[in-house]
Amino acid sequence: MSALICVARIGAAHGVRGAVKLWTFTEDPFAVRRYGPLLSKDGKRQFELAQAREAKDHLVATFKGVTTRDEAERLNGIELYVAREKLPVTDADEYYHTDLIGLAAVTTTGDALGRVFAIHNFGAGDIIEIAPPSGATMLLPFTNAVVPEVDIAGGRVVIALPQQIEGDDPSPGRPGEGRDP
């Protein structure tokens, strides 16, 4: 089976006739209608969109065979995937977030930071998560200023580490301990 790419996530039920909120991860929210059946992460369940309409920041959708609120509520949280080959080919300077997972992360001076672990979006823009060889992962804004270069062919992303925020105290210890005013 080819690689599956997450294109949407089913949210809460909407109304009483089986509709759900649908959060899409595609440039065009309605693109999910063009991919054919959408799959669960394990590929064992298929979902066919019957209808979709635009709402404030998501779609309101119905799936074939889902006609009640109870059935819709059981779908909440399911991520929907399509086979990679069903997605449009990217331009030379474009990529899918999944293409970045596993790439080496290096500083602008070439020092190794680790590997790209994930790309997140919690509502305020994309975040790149870098996993160093040891220790906690780093969460950084996925902006041109912080990630000035994405080199898929070279297998790396370049990270311009942000400077320390003014007022931060890099000394160890809990906040408020051992500091003189």
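**Figure 1. Surroundings of Ser40 in the predicted model.** Setting aside neighbours within four places in sequence, Ser40 makes contact with Leu4, Arg45, Phe47, Glu79 and Tyr81. The structure shown here and in the following views is a predicted model. Ser40 is located in the loop that runs between β3 (38-39) and β4. With a relative accessibility of 8%, Ser40 counts as buried, because buried residues are those under 20% relative accessible area. The side chain of Ser40 is joined to that of Asp42 by a polar contact of 2.6 Å. Leu4 lies 36 residues from Ser40 along the chain, and the C-alpha atoms of these two residues are separated by 9.5 Å.

**Figure 2. Overall composition of the chain.** Two helices and 13 strands make up the secondary structure of the chain. The chain has 181 residues, of which 31% count as buried. Among contacts in the chain with a separation of 6 or more, 46% are between residues 24 or more positions apart.

Figure 3. Strands of a sheet pair through backbone hydrogen bonds, in either a parallel or an antiparallel arrangement. Five bridges link β1 and β2, and the pairing is antiparallel. Within this pair, Ile10 has Leu22 of β2 as its bridge partner. The two strands form a hairpin with four residues between them. Gly15, in the turn of this hairpin, has a positive phi of about 80°. β2 also pairs with β6, again in the antiparallel sense, over three bridges. In this second pairing, Leu22 is opposite Leu59 of β6.

Figure 4. The largest nonpolar core comprises 25 residues. Val7, Ile10, Leu22, Val32, Leu38, Phe63 and Leu80 are the residues with the most contacts inside this core. At least two core residues come from each of β1 (4-14), β2 (19-24), β5, β6 and β7 (79-83). β1 provides the largest share, with five residues. Leaving aside neighbours within four places in sequence, Phe63 is in contact with Ile10, Val20, Leu22, Phe47, Glu48, Leu49, Ala50, Leu75 and Leu80. Another core, of 14 residues, lies apart from the largest one, and its members include Leu100, Ala105, Ile119 and Ile128.

**Figure 5. The six-stranded open sheet.** Six strands form an open sheet in the order β11-β10-β9-β8-β13-β12, and their pairing is mixed. Val106 is found opposite Ala112 of β9.

Figure 6. Side chains of opposite charge can pair when their charged atoms come close. The count of salt bridges in the model comes to six. In one of the pairs, Arg34 and Asp28 form a salt bridge whose closest N and O atoms are 3.4 Å apart. Arg34 counts as exposed, with 59% relative accessibility, whereas Asp28 counts as partly exposed at 31%. Glu48 and Lys64 also form a salt bridge, with their closest N and O atoms 3.4 Å apart. Glu48 is in the loop between β4 (46-47) and β5 (49-54), and Lys64 is in the loop between β6 (59-63) and α1 (69-73), so this pair ties together parts that are 16 residues apart in sequence. Glu48 is partly exposed, with a relative accessible area of 37%, while Lys64 counts as exposed at 55% relative accessibility.

Figure 7. A salt bridge joins the side chains of Arg156 and Asp151, with an N to O distance of 4.0 Å. Arg156 counts as partly exposed at 28% relative accessibility, and Asp151 is likewise partly exposed, with a relative accessible area of 25%. Through salt bridges that share partners, Glu149, Asp151 and Arg156 are joined into one network.

Methods. Residues are numbered from 1 along each chain as its sequence is written. This is a predicted model: local features need pLDDT of at least 70, side-chain atom pairs count only at pLDDT 80 or more; totals for chains, interfaces and linings use all residues. Side-chain values use heavy atoms; hydrogens and water are left out. Buried means under 20% relative accessible area, exposed over 50%, partly exposed in between (1.4 Å probe, protein chains only). A nonpolar core is a set of buried Ala, Val, Leu, Ile, Met, Phe, Trp, Tyr and Cys residues joined through side-chain atoms within 4.5 Å. Contact means heavy atoms within 4.5 Å. A polar contact is a pair of N or O atoms within 3.5 Å; within protein, one must be able to donate a hydrogen and the other to accept it, and residues adjacent in sequence count only if both atoms are side-chain atoms. Two strands pair if DSSP finds at least two bridges between them.
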